[in-house]
Amino acid sequence: MRATGRNRDRTGTEPAVIVCVCNNLNCRKVREAVDAGAASCAKVYLHHGVRPQCGRCVDTVREMVQTASGDAGSTVLQGAPA
Ligand code: FES
């Protein structure tokens, strides 16, 4: 999907949705941390050298880490021979 208008980011591709307002972490930064090996919510913050402030984003970050882990597993399963 290609972003348009105000939601377009600097690369002109996908919008970078803010996940953590307190620390200015967007979905790409969370994904970057996960791709770099962050396997938990706490490690996502640690990867970027920040700490949760208000804590409102913690559940979302946790879900994103779990989803990313699940995506990796499903990719393997989808690629497996039937
Ligand atoms: S929104 Fe992430 S700590 Fe407040």
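So, the order of elements: starting at the N terminus, this chain goes β-β-α-α-α. Residues are numbered from 1 along each chain as its sequence is written.

Okay, confidence. pLDDT is the predictor's own confidence in each residue, on a scale from 0 to 100. The chain averages 80, and 70% of its residues reach 70 or more. Over residues 73–82, though, the pLDDT is below 50, and that stretch has zero contacts in the model beyond near neighbours in sequence. Where pLDDT is low, the predicted coordinates should not be read in detail.

Now, what's inside? I call a residue buried if 20 or more other C-beta atoms lie within 10 Å of its own, exposed if 12 or fewer, and partly exposed in between, with the C-beta atoms placed from the backbone. Of the 82 residues here, 16% count as buried. A nonpolar core means a set of buried Ala, Val, Leu, Ile, Met, Phe, Trp, Tyr and Cys residues joined through C-beta atoms within 7 Å. The largest one has 13 residues, and the members touching the most others are Val19, Val30, Val34, Val44, Val61 and Val65. At least two residues of this core come from each of β1 (18–20), α1 (27–35), α2 (41–47) and α3 (58–79).

Take Val44 as an example. Contact here means two C-beta atoms, placed from the backbone, within 7 Å. Leaving out residues up to four places away in sequence, Val44 touches Val30, Ala33, Val34, Ala38, Val61 and Val65.

Which residues of α1 are buried? Val30, Ala33 and Val34. They sit on the same side of α1, because they cover an arc of only 100° around the axis, going by the directions from the helix axis to the C-beta atoms. Just after α1, Gly37 has a positive phi of about 115°.

Cys41 is in helix α2, and Cys41 counts as buried because 21 other C-beta atoms lie within 10 Å. Beyond its neighbours within four places in sequence, Cys41 is in contact with Val58, Val61, Arg62 and Val65.

Cys57 is in the loop between α2 and α3. Why does Cys57 count as buried? Because there are 22 other C-beta atoms within 10 Å. Cys57 touches Val19 and Cys20, again not counting residues up to four places away in sequence. As for the pair, Cys41 and Cys57 are 16 residues apart along the chain, with their C-alpha atoms separated by 9.8 Å.

Last stop, Asn24. This one is in the loop between β1 and β2 (25–26). Buried or exposed? Asn24 is exposed, since 11 other C-beta atoms lie within 10 Å.

Methods:
This is a predicted model: local features need pLDDT of at least 70, side-chain atom pairs count only at pLDDT 80 or more; totals for chains, interfaces and linings use all residues. Helices (H or I, at least four residues) and strands (E, at least two) are DSSP runs, numbered from the N terminus.
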